[in-house]
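Dear colleague,

Please find below the structure I would like to hand over to you. My findings follow it.

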Amino acid sequence: MKKILAASVLGLSLSASGLAYAEPVKVGMITTLSGGGAGLGVDVRDGFLLALKQAGNTEIEVVVEDDAMKPETAVQLADKMIQSDQVDILTGIIWSNLAMAVVPSVTAQDKFYLSPNAGPSPLAGAKCHKNYFNVAWQNDSLHEAAGAYATKAGYKKPFILAPNYPAGTDALTGFKRFYTGELANEVYTKLGATDYAAEISQIRASGADAVYFFLPGGMGIAFMKQYAQSGVNIPVVGPAFSFSQDVLGAMGDAALGVKNTAQWSPDLDNATSKAFVESFKAEYGRIPSLYASQGFDTANLILSAAAKASVKDADAFRAALEAADFKSTRGDFKFAPNHHPIHDVYVREVVKEGDVLTNKIVGVALEDHQDVYAAECKM
């Protein structure tokens, strides 16, 4: 077990931060720190710990564990954290299949779960829970924005593909909800696949005028490299997590010019985001990804609630979380009734600054967007 006591690595004081906590809080972070998706979990963890450091926290202890992208491991870790480590809050999961395995068990044990990434549709709708909050996005939302962008861009016949797991089905469902034209094809790939020769061959023969894919982490890297090598010259559109900062270096110039949709970008023009980008670069020596911003926001939400109420008083702490009284990297932040964000979703383009690939905002796809599943949530 890897334990991180946030206070032990921090040099600031509570008086400097201006925060006072009703009671110490113990957070269990289960995230992906090994394998092909490790970059995502590392960024969530690093963004989270940076927020604690900047707040001068001495009252929040974080226990960090690696789920290795395995649902059974995540479930075991969650049970251990609740029963042995006696955590108050759990967070960190990247993958929706792991979230679906863990979150219902956590909330059934009267613990809070704050998602810094995965937002499967059942947890936003019929299986929502008063102690479950998503600080990132509902799975469909960035894909809905991509569908809206594809319609506005005039694409008539996109080929769409995603892995066959909850977030993959949510992805293509979301795209189709806001894309109004015909599809060349809709394909589901194996989760974790690294060989996309068959899919690229299908794209070549499909008559598509655009390709939309959701392939996070190493899957997207493999696809883009193979796609560039194939010589297929059809524009690619994606969600931010397929073109996030953590994967662009590995993709290389194959990613240049790709449009992608995101609720945050390193060039977002607000004071909190600008300060976060600079401090993250100073702390870790790299540009923060979308995942890092989500980890940072999740920690700051916890800090804001802990300053108002004891986590042992569930009703008061829940109300403090619902208030979302913190400065978010995305600017304005508020929760819908199902505890998922209402936010703007931007269109970004992959560009090169010197030798570094990154994203720049080129437009807004959806404003004040709320997921469709909120209507199914009965808290």
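A polar contact here is a pair of N or O atoms within 3.5 Å; within protein, one of the two must be able to donate a hydrogen and the other to accept it. With that in mind, I begin with Y291, whose side chain reaches the backbone oxygen of F241 at 3.3 Å. Please bear in mind throughout that this is a predicted model.

Y291 belongs to helix α12. Its relative accessible area is 1%, so Y291 is buried, the limit for that class being under 20%. Leaving aside neighbours within four places in sequence, Y291 is in contact with L40, D43, V44, N117, F241, S244 and D246. Although 175 residues separate Y291 from P116 in sequence, their C-alpha atoms are 7.5 Å apart in space.

Helix α11 covers residues 271-284, which makes 14 residues. From first C-alpha to last, α11 reaches 20 Å, close to the 20 Å expected at 1.5 Å a residue. After α11 comes G285, with a positive phi near 75°.

The buried residues of α11 are S273, F276, V277, S279 and F280. An α-helix has 3.6 residues a turn, so residues three or four places apart point the same way. Among the elements that cover the buried residues of α11 are α2 (38-55) and α12 (290-306).

Helix α7, residues 166-178, has 13 residues and reaches 19 Å between its first and last C-alpha, close to the expected 18 Å. Its buried residues are A167, G168, D170, A171, L172, G174 and F175. The cover over these residues of α7 includes the helices α4 (96-108), α5 (121-124) and α6 (141-152), together with the strands β7 (158-163), β8 (185-189) and β9 (210-213).

Cavities and a pocket

How many cavities of 30 Å³ or more does a search of the whole structure find? The search finds 2. About 100 Å³ of space lies in the largest cavity. Of the 15 residues that line the largest cavity, I94, N117, W137, Y165 and F214 are the closest to its centre. The lining of this cavity comprises 11 nonpolar and 4 polar residues, with no charged ones.

By class, the lining of the second largest pocket has 6 charged, 4 polar and 4 nonpolar residues.

M69 is not a glycine, yet its phi is positive, at about 65°. M69 sits in the loop between β3 (60-66) and α3 (71-85) and is partly exposed, with a relative accessible area of 28%.

A324, likewise a residue other than glycine, has a positive phi near 50°. The loop between α13 (314-323) and β12 (334-335) contains A324. Is A324 buried or exposed? Its relative accessibility is 7%, so A324 counts as buried.

With kind regards

Methods. Residues numbered from 1 in each chain as written. Predicted model: local features only at pLDDT ≥ 70, side-chain atom pairs only at ≥ 80, totals over all residues. Heavy atoms only, no water. Helix = DSSP H or I, 4+ residues; strand = E, 2+ residues; numbered from the N terminus. Expected span 1.5 Å × (residues − 1). Buried < 20%, exposed > 50% of the residue type's maximum accessible area, 1.4 Å probe, protein only. Contact = heavy atoms within 4.5 Å. Nonpolar A, V, L, I, M, F, W, Y, C, P; charged D, E, K, R; others polar. 1 Å grid on protein atoms, 1.4 Å probe; cavity = no way out; pocket = protein on both sides within 12 Å on 5 of 7 lines; lining within 4 Å. Points joined across faces, edges and corners; volume = space filled by probe spheres on them.
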